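Open the model in your viewer and keep the selection tool ready.

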Amino acid sequence: MAGETKRDERILDARQMRRIVRRMAGELVEQNEGVEDLLLVGIRTRGVPLAEALAAEIEAMEGVVVARGVLDITLYRDDLSTIAPQPVVKETHIPSSIEGRTVVLCDDVLYTGRTIRAALDALIDYGRAKAVRLAVLIDRGHRELPIQGDVVGQTLATQPDDLVVVAFEATDQRDEVVIKRSSRQE
Amino acid sequence: MNEFSWSRKDLLGIAELSAAEIGLILDTAESFREVATRPIKKVPTLRGKTVINLFFEASTRTRSSFEIAEKRLSADGLNFSSASSALVKGESLIDTALNLQAMAPDLIVIRHGHPGVPHMLARRVAAGVINAGDGAHEHPTQALLDAFTIRQAKGRIEGLRVAIIGDIEHSRVVRSNIHLLHKMGAQVVVAGPYTMMPAEIEALGVEVAHNLDDALRDADVVMMLRIQLERQGKSLIPSVKEYFNLFGLSRDRLKLAKDDVVVMHPGPMNRGVEIASDVADGPQSVILEQVSNGVAVRMAVLYLLSGVRGGEE
């Protein structure tokens, strides 16, 4: 947009991100009183490396390999009739039955809550989980639905125009969180 | 993964598609295949969209495949078939199109005995039009599901040698398949009786083999076509037995092809006419995979087309 520039501000570096993910993994284990029935489901795209990072920390902590899955929410989006062309549909992979398990949905940024609403609908089509929890690295506010994270890495005060960009080693060759602030005066 | 986006209102044929568009449909179908493995085989994606299935010619499997695809996407599907349609009461095609348009469907799936009817309809209606077979012209979703099945079995399409055997002239699938296989870099060889070989076939860039054995030699994929015994088929061959002896796929003859050859048939099969039972049911056959993949490919096409708005006519 004309007259508008973005200022980049690094919120977390690799070391800070690592500490936060470790703390989140600890909270998950504590809240769940164990890890046997846990299934970490990463929401495409950057919920997937978060789920992997959490699983690695839990494994280091508890010595148990935690089951993981990948969820693509495209088919459950509530804005398909208003956007064009259709977004690319990628594969979902839920390893086994979710019946009786505690599923932790993992995503990088919690914003309007609409992605999580879609993910919940998608998940329910795979069966009846014992419980569903939400783990997010960044909660940037501005919710449009009554959805909250159970395990939150960091809460950030943002303007709706700001862009929060999370990078993971696995997808972006570096670990960091950057906020691109809109300098436009309200 | 493909990040290219779809921009066509209609899917009328393979001839006008680019390799990138074909790749996008196949990649999207890959994701939809997973839906069939779930306990609840339905996604809410096309909720509130209306699809009219307009079949002027009998078709059980293509129509059922589209119907299942529509249901799995939560679209509302509505069937018009030739026997019950106003067309038999003398309504012109253009009036049928205008009446359909007045019902404001989002997509129309059409099969018609005459080439070009889906194209005419597409120009008349705002809805997206999917050609489910227009005479012996094009049948794009069949070619796409065949390509999907080949890719699944072989991991690629490029560089493969594909033999298409049988009634090349009257088959509704062969032209679409030739276009698609060429665009994706495969080599196509055809064989069949002279009475079933169109005069202009070389113009499509295919190799014409003089007999079945030449076509089968070193093939990676063998596609057997159906002899339309209920139509012209019977008058174009001396006898069913002789046809099988000359062009039928038996286990012995299949040995001429590569060891890892896959055998395909668009169905419905005439066992013992174009294909021996032990080949149709054998380890190299992917005929039933074609049927399952058809649903995923049609879901992908319905999904991609429903994101494109048609203009007002």
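A salt bridge is a side-chain nitrogen of Lys or Arg within 4 Å of a carboxyl oxygen of Asp or Glu. Between chain A and chain B, the count of such pairs is 0. Keep in mind that this is a predicted model.

**Stop 1: the contact between the chains.** Select the residues of chain A and chain B that touch each other. Together the two chains bury about 1,800 Å², with 58% of it on carbon and sulfur atoms. Polar contact is present too: 8 residue pairs, both partners at pLDDT 80 or more.

**Stop 2: the cores.** The largest nonpolar core has 88 residues. Pick out A:Leu71, A:Leu105, B:Phe32, B:Leu144, B:Ile164 and B:Val190, which touch the most other members. Next, color helix H12 of chain B, residues 287-305; this helix supplies the largest share of the core, 10 residues. Now center on B:Phe32. Leaving out residues up to four places away in sequence, B:Phe32 touches A:Leu75 and A:Val89 in chain A. Within chain B, its partners are B:Leu73, B:Ala296, B:Met299, B:Ala300 and B:Tyr303. Then move to a second, separate core of 31 residues; A:Ile20, A:Ala25, A:Ala51 and A:Leu137 are among them.

**Stop 3: B:Thr149.** Find helix H5 of chain B, residues 140-154, and select B:Thr149 there. Is B:Thr149 buried or exposed? Its relative accessible area is 2%, so it counts as buried, the cut-off being under 20%. The B:Thr149 side chain reaches the backbone oxygen of B:Leu145 at 2.7 Å. Beyond four places in sequence, B:Thr149 touches B:Met264, B:Val286, B:Glu289, B:Gln290 and B:Asn293.

Stop 4: Most residues other than glycine have a negative phi, and most peptide bonds are trans.

- A:Arg44 to A:Thr45: a cis peptide bond, omega near 5°. A:Thr45 sits in the loop between strand S2 and helix H2 of chain A.
- B:Gly267 to B:Pro268: cis, omega near -10°. B:Pro268 is in the loop between strand S9 and helix H11 of chain B.
- A:Glu33: a positive phi of about 50°, in the loop between helix H1 and S2 of chain A. A:Glu33 is exposed, at 75% relative accessibility.
- A:His142: a positive phi near 65°, in the loop between strand S5 and strand S6 of chain A. A:His142 is partly exposed, at 33%.

Conventions. Residues are numbered from 1 along each chain as its sequence is written. Chains are lettered from A and ligands numbered from 1 in the order in which they are written. This is a predicted model: local features need pLDDT of at least 70, side-chain atom pairs count only at pLDDT 80 or more; totals for chains, interfaces and linings use all residues. Side-chain values use heavy atoms; hydrogens and water are left out. A nonpolar core is a set of buried Ala, Val, Leu, Ile, Met, Phe, Trp, Tyr and Cys residues joined through side-chain atoms within 4.5 Å. Buried means under 20% relative accessible area, exposed over 50%, partly exposed in between (1.4 Å probe, protein chains only). Helices (H or I, at least four residues) and strands (E, at least two) are DSSP runs, numbered from the N terminus. Contact means heavy atoms within 4.5 Å. Buried area is the accessible area (1.4 Å probe) that two parts lose on being put together, summed over both. A polar contact is a pair of N or O atoms within 3.5 Å; within protein, one must be able to donate a hydrogen and the other to accept it, and residues adjacent in sequence count only if both atoms are side-chain atoms.
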